[in-house]
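Good morning, and thank you for joining this group meeting. Please look at the structure on the screen while I take you through some of its parts.

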Amino acid sequence: MSRTITIEPVTRIEGHARISIALDDQGQVAEARLHLTQFRGFEKFCEGRPYREMPALTARTCGICPVSHIIASNKACDHLLSVRIPPAAERLRRVLNLAQLVQSHALSFFHLSSPDLLLGWDSDPKERNLFGVLRQNPGLARDGIRLRAIGQSIIETLGGKRIHPAWVVPGGVAEPLTADKRDAILRLIPEALEIAKRTYAFYKTLLPRFQDEAERFGNFPSLFLSLVSPNGTLEHYDGLLRIKDAQGRILEDQVPPEDYARLIGEAVEPFSYLKSPYYKPLGYPQGIYRVGPLARLNNIQSCGTPYADVALAEFHLLQEEGPISSSFHYHYARLVEIIYGLEMIERLLKDPVVLDQRVRARARSNRYEGIGVAEAPRGVLIHHYRIDDDGLITWVNLIIATGHNNLAMNQAIRQVAAAYVEGGRLSEGMLNRVEAVIRCFDPCLSCASHAAGQMPLAIELWDTRGRLLERLVR
Amino acid sequence: MLIIGYGNPLRGDDAVGLLAAERLLDWIERQGDIPGIEVIARPCLTIELAANLAGHRRALFIDAALAGPAGAIRRRRLQPATERGPLPHVLSPTELLGWCQWLYGVAPRSSLITIAGASFNYAEGRLSPLVESALARLLKRLGLKQRPPQPA
């Protein structure tokens, strides 16, 4: 008798989702799906608005990564203006984007995933949270809180506020950086880097415990998509698109972000509001690819900063050859990127250009179509707008990082469920691992709201006639 | 002493705590730094504030209240929460003090001042008249002798 297991809601991710796992007559996993159950509608209700409102509007897509939307949206607006922004503005936007990366990765690693990593997937769910981490390793809990606070503080210093800052504007940034603010940020970096290095070293000591998870958590061949700099190093703000295959061959390189539609198609499935982007030349669903920290590090040979390059070399040793295929190693990649982000922020701020008073190029719209692409913490973020003669938006397409990973997340769930469901029997450990594999991708499904306290977790078993056979509630 | 004012700037009188902190910050900026006083304005209370709290002996939270006649100012002492649970995105002052105690082994002696709101409908940074006047009274009570200019 075939059955369906439903996990709803998935906890400790950003946003709300449901997982369903269908079992066949033999109790083996036949299908597994991630359902995004919220409809946001940003692409439609932005139509008719002036394009200059887009950064503020699209920043409200998310309470965790508004900075990423602000960056991509303003880049799309720069494109509409047909301007090249001043060098100081470009560097300052880079600093803001990297501060966002640091605070977001810190949230993912310390707050959301460290309870699994430290306490284990079979531990009591009531203990498997930040409080449990605090009891087990109080220093790690404090480090996570401090590192995130530093990332947020940099955003606040630059943008005026830590959530939805309006400092980035079409053509550059609204105000130049003062020496006092630069120095205040620079004073934070040594402490943050110390925390990042300490955490990285600690995580490496934990890794041998996770050989099973590394083997089974979304470990499959796929393509990898990311921005890279023109010389092939790590890039989060600008750069060109690169796609590598599972063997490490570069399929696409030096592709201007404005040509993204040549590479990426978007499929729609009836079971989710999340689109399923795919690599067009391979078709759907064969064109599965991953984005985010794992893809970014797989696509480069060098970060371009000293300590991150050492960590990158160690990252590449996780596998004998080829790009790292296990999604479990997103965690590792995040720690490498935190180090890189902090080193690069320091380097950018020590460049005297950042204090230049010219920070904004002014123009009216000079084209009807604008595309802005940046690397959000979770991967490539694409904003694409069309406007009319009055500068009003006529069409919007947003491809968010979590969307790029949709096909990969479904495959990862299927793999974990198949590995841990035995004879159709459910166990808390299996459910935890299914949730945990999703957390490897750190999906950001909306971030608009979260219930306070522990979310209920219900698992339902259904037969092929739609009858509820079993219901477990946590 | 740490003063944390918090509230939603888009929800009318709910913003009163946030505005109180912002006006205190404006005032302090004009006066020059006041040693020992830190003021923070936030839309909500998050775990990162525990580190700020740990560095002070006293803390004052300012928030809006649903109950009570509009403009009524209330003050009450707070104790750190002792019940532990998973970490939600948004914390209450007592939960935040609890996390401060658990994380850093200390929590400041704390109070919560609330101003009862009249309207929590959509309104960006605009308070109802009774709450606006209560805010001015509160700021005066906190030591601002002259009413600071309204934020733009």
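Predicted model: local features only at pLDDT ≥ 70, side-chain atom pairs only at ≥ 80, totals over all residues.

I begin with the division of chain A, which falls into domain 1 (3-38 + 412-473) and domain 2 (84-218 + 326-362); such bounds come from an automatic or database domain assignment. Residues are numbered from 1 along each chain as its sequence is written, and chains are lettered from A and ligands numbered from 1 in the order in which they are written.

Let us return to the two domains of chain A. Their contact takes 14 residues from domain 1 and 13 residues from domain 2; two residues are in contact if their C-beta atoms, placed from the backbone, lie within 7 Å. Which helices each supply at least two residues of the side of domain 1 that touches domain 2? They are helix H14 (406-420) and helix H15 (428-441) of chain A. Helices (H or I, at least four residues) and strands (E, at least two) are DSSP runs, numbered from the N terminus. The largest share of that side of domain 1, eight residues, comes from H15(A). By class, the side of domain 1 of chain A that touches domain 2 has seven nonpolar, three polar and four charged residues. Here Ala, Val, Leu, Ile, Met, Phe, Trp, Tyr, Cys and Pro count as nonpolar, Asp, Glu, Lys and Arg as charged, and the others, Gly among them, as polar.

For chain A as a whole, the secondary structure comes to 15 helices and 16 strands. Of its 474 residues, 53% count as buried. A residue is buried if 20 or more other C-beta atoms lie within 10 Å of its own, exposed if 12 or fewer, and partly exposed in between, with C-beta atoms placed from the backbone. Among the contacts in chain A with a separation of 6 or more, 71% are between residues 24 or more positions apart.

Helix packing is my next topic. The axes of helix H4 (residues 87-119) and helix H12 (residues 330-349) of chain A come within 9 Å and cross at roughly 150°. Axes are lines fitted to C-alpha atoms, for helices over the stretch in contact, and angles run from 0 to 180 degrees between N-to-C directions. The angle makes H4(A) roughly antiparallel to H12(A); angles under 35 degrees count as roughly parallel, over 145 as roughly antiparallel, 65 to 115 as roughly perpendicular and the rest as oblique. H4(A) passes H12(A) in a left-handed crossing. A crossing is left-handed if the near helix is turned anticlockwise from the far one by less than a right angle, and right-handed if clockwise. The contact of H4(A) with H12(A) has 14 nonpolar, five polar and four charged residues.

H4(A) also packs with helix H6 (residues 138-159) of chain A, at an angle of about 155° and with the axes 8 Å apart. H4(A) and H6(A) are therefore roughly antiparallel to each other, and their crossing is left-handed.

In chain B, the axes of helix H1 (residues 16-31) and helix H4 (residues 129-141) come within 11 Å and cross at roughly 40°. H1(B) and H4(B) are therefore oblique to each other, and H1(B) passes H4(B) in a right-handed crossing. The contact is made by B:Val16, B:Leu19, B:Ala20 and B:Arg23 of H1(B) and B:Val131, B:Leu135, B:Leu138 and B:Leu139 of H4(B). These residues divide into seven nonpolar, no polar and one charged.

Is A:Val373 buried or exposed? A:Val373 is buried, because 25 other C-beta atoms lie within 10 Å. This residue is found in strand E12 (residues 369-376) of chain A.

A:Ser82, in the loop between helix H3 (66-81) and H4 of chain A, has a phi near 60°, a positive value in a residue other than glycine. With 13 C-beta neighbours inside 10 Å, A:Ser82 counts as partly exposed. A:Gln254, placed in strand E8 (residues 250-255) of chain A, also has a positive phi, of about 55°, although it is not a glycine. With 12 C-beta neighbours inside 10 Å, A:Gln254 counts as exposed.

Finally, a cis peptide bond joins A:Tyr284 and A:Pro285, with omega about 0°. A:Pro285 is found in the loop between strand E10 (276-279) and strand E11 (289-290) of chain A.
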